[in-house]
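Here is a short briefing for a first look at this structure. It begins with one kind of side-chain contact and then turns to the chain as a whole.

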Amino acid sequence: ISTDMGASTPTYVGGLNASVNGEGFFITFPKSTATVAAADMKKTDFDYTRVGQFNIDGNGYLTDANGNFVYGFRPDEVDKPTRFDGPIKVPSDVTGASFDDHPLQLTNVKINSLGEISGTVKSTDAAKDGKTVSIGKVAIATFQNPEGLSKKGSFYYGAAESDNSGNASATIPGGSTSSLMTGYLEASNVDLAKEFSDMITTQRGFQANSRIITTSDTMLEELVNLKR
């Protein structure tokens, strides 16, 4: 059984969703961990996925469809992405949410094609109200041999030091790294019509081979009877 790691047809659904326009995976993890160096990615049990169905949880973290934290770079690190600083925390519009220890209330949180998460400040301070602030950028993981990744169930893949997925890297979208299609989700790249056709062809081939064996057995039986 081979895995097709190629990009599939994106479907527009709107919201805080994104599709990788090319090679690469989003990096997710069920827990919030400390800063991880890109060189240590395969030492950490990250989940890699191409499903960018993102939401903001009650604590202001960017999460995927299963509630796993989405990892990326803080704004002061996006120009030198040699590490990613843990899950992206998006200040919500809940009173008391903060970013860099500064109280903020954000509305209209969105993601762009370069993976940047931004929002509009809602404040009683006229100097701050309406300004757009950057929260960070989602990380895109790439592997020398993505076919070497292991299946972890659902739409997740895993990497380990002992596998043959090759070197791993985490970078921001854009440039030599695939950009994002915002508001889109990638559909499955399994062609059901082709798979059913292949299954029927294989089944008919098995039936034909079974009949050949039956015919050969009948001929041998007749030969034995003639000898008698």
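A salt bridge is a side-chain nitrogen of Lys or Arg within 4 Å of a carboxyl oxygen of Asp or Glu. The model shown is predicted. A search of the whole structure turns up 4 salt bridges. One of them joins Asp-163 and Lys-42.

**The Asp-163 and Lys-42 pair**

- The side chains of Asp-163 and Lys-42 meet with N and O 2.9 Å apart.
- Lys-42 has a relative accessibility of 14%, and a residue under 20% counts as buried.

- The side chains of Lys-152 and Asp-45 form a salt bridge, at 3.0 Å from N to O.
- Lys-152 belongs to strand 18 (residues 150-153), while Asp-45 is in the loop between strand 4 and strand 5, so the bridge ties together parts that are 107 residues apart in sequence.
- Lys-152 also forms a salt bridge with Asp-47, and here the closest N and O atoms are 2.5 Å apart.
- Asp-47 lies in strand 5 and Lys-152 in strand 18, so this pair ties together parts that are 105 residues apart in sequence.
- Is Asp-47 buried or exposed? Asp-47 is buried, with a relative accessible area of 8%.
- Lys-152 is partly exposed, and its relative accessible area is 35%.

**The chain as a whole**

- The protein chain has 22 strands and 1 helix.
- How many residues does the protein chain have, and what share of them count as buried? The chain has 228 residues, and 36% of them count as buried.
- Take the contacts in the chain between residues at least 6 apart in sequence: 64% of these join residues at least 24 apart.
- The accessible surface of the protein chain is about 13,300 Å².
- Carbon and sulfur atoms account for 51% of that surface.

How values were computed:
Residues numbered from 1 in each chain as written. Predicted model: local features only at pLDDT ≥ 70, side-chain atom pairs only at ≥ 80, totals over all residues. Heavy atoms only, no water. Buried < 20%, exposed > 50% of the residue type's maximum accessible area, 1.4 Å probe, protein only. Helix = DSSP H or I, 4+ residues; strand = E, 2+ residues; numbered from the N terminus. Contact = heavy atoms within 4.5 Å. Areas by Shrake-Rupley, 256 points an atom, 1.4 Å probe, with all protein chains shown as cover.
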